[in-house]
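Biologist: Can we go through the charged pairs in this one, and then a helix?
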Amino acid sequence: MLIDSHCHLDRVDLTPYAGDFARLMAATREAGVSHLLCVSIDLPRYGAMRALIAPYPQVAVSVGVHPNESAGGSPSVADLVALAADPRNVAIGETGLDYFRSEGDLEWQRERFRTHIAAARTCAKPLIIHMRDARQDCIRILREEGADAVGGVLHCFTEDWETARQGLDLGFYVSFSGIVTFKAAAPLREVARQVPLERLLIETDSPYLAPAPHRGKPNEPRFVAQVAACIAQLRGIPVEELARVTSENYFRLFGSPPSRLTPP
Ligand code: NI
């Protein structure tokens with residue numbers, strides 16, 4: 001049993017499945033992926049995403065606005081808390097800071113990030129954090145806003161060990177995507193080897209960032225198996241154990257009350 005702790009199911013390329021989402025989900029299950037967390041990027045598409053996953057109880061959802069979404073689309077704390085009342089919702093995000101893909105004065109990004117943390121604290125749900133080229137501000141704001149009260153995950157982690165350690169100190173989990181399989185990612189593999197097993201998560205971030213040997217092609221949740229295999233090998237443990245531990249971690253982080261997500 002594997003869990004894809006971060007994917008964008010409404011954006012996955014369905015061409016290999018003749019456009020049929022149900023076939024994608026069947027292939028995902030056949031590949032041994034038992035649960036998925038479908039992560040929100042913006043609010044205009046949230047309703048369609050929620051409707052798409054509705055028939056699949058193994059799929060949980062988050063609500064949030066990605067840091068690279070335009071400055072105009074910033075929700076209020078009340079907006080986020082209202083959408084998070086959904087019993088299928090297990091987290092707030094993805095949120096965070098991305099100074100790589102956005103330019104200019106990014107105070108609006110920091111403000112939006114603070115709003116998400118406040119919402120997570122209000123509804124006592126964990127945060128899904130995206131950080132790129134912004135690790136100092138990101139950790140600083142997590143601290144300033146008391147994000148350790150709810151914890152969460154540093155998703156698609158690509159930073160250094162020091163940043164991982166600071167996140168771990170705040171009670172966060174660290175999640176690795178297909179990037180860990182890339183040839184040039186040796187320093188990241190070293191971080192993935194060091195993160196305590198009980199704080200480790202795996203994800204695809206589908207449809208982005210397909211792991212080797214699928215690199216450059218559209219990503220999909222069943223490729224989380226390649227991420228699992230890579231990290232198991234790095235750590236010298238059987239892939240079954242890596243799968244078991246990361247699944248336990250997933251349910252510990254996202255499955256505790258008030259959510260109704262439970263292991264099978
Ligand atoms: Ni994502």
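Biologist: What does R11 form a salt bridge with?
Modeller: R11 pairs with D10, and the closest N and O atoms are 4.0 Å apart. A salt bridge here is a side-chain nitrogen of Lys or Arg within 4 Å of a carboxyl oxygen of Asp or Glu. This is a predicted model: local features need pLDDT of at least 70, side-chain atom pairs count only at pLDDT 80 or more, and totals for chains, interfaces and linings use all residues. Residues are numbered from 1 along each chain as its sequence is written, and side-chain values use heavy atoms, with hydrogens and water left out.

Biologist: How many salt bridges by this rule?
Modeller: The count is 18.

Biologist: Where do R135 and D160 lie?
Modeller: Their side chains meet in a salt bridge, 3.4 Å from N to O. R135 lies in helix 5 and D160 in the loop between strand 6 and helix 6, so the pair ties together parts 25 residues apart in sequence. Helices (H or I, at least four residues) and strands (E, at least two) are DSSP runs, numbered from the N terminus.

Biologist: Which residues of helix 6 are buried?
Modeller: T163, A164, Q166, G167 and L168. Buried means under 20% relative accessible area, exposed over 50%, partly exposed in between (1.4 Å probe, protein chains only).

Biologist: What covers them?
Modeller: The cover includes strand 5 (127-132), helix 5 (135-144) and helix 7 (186-194).

Key: Contact = heavy atoms within 4.5 Å.
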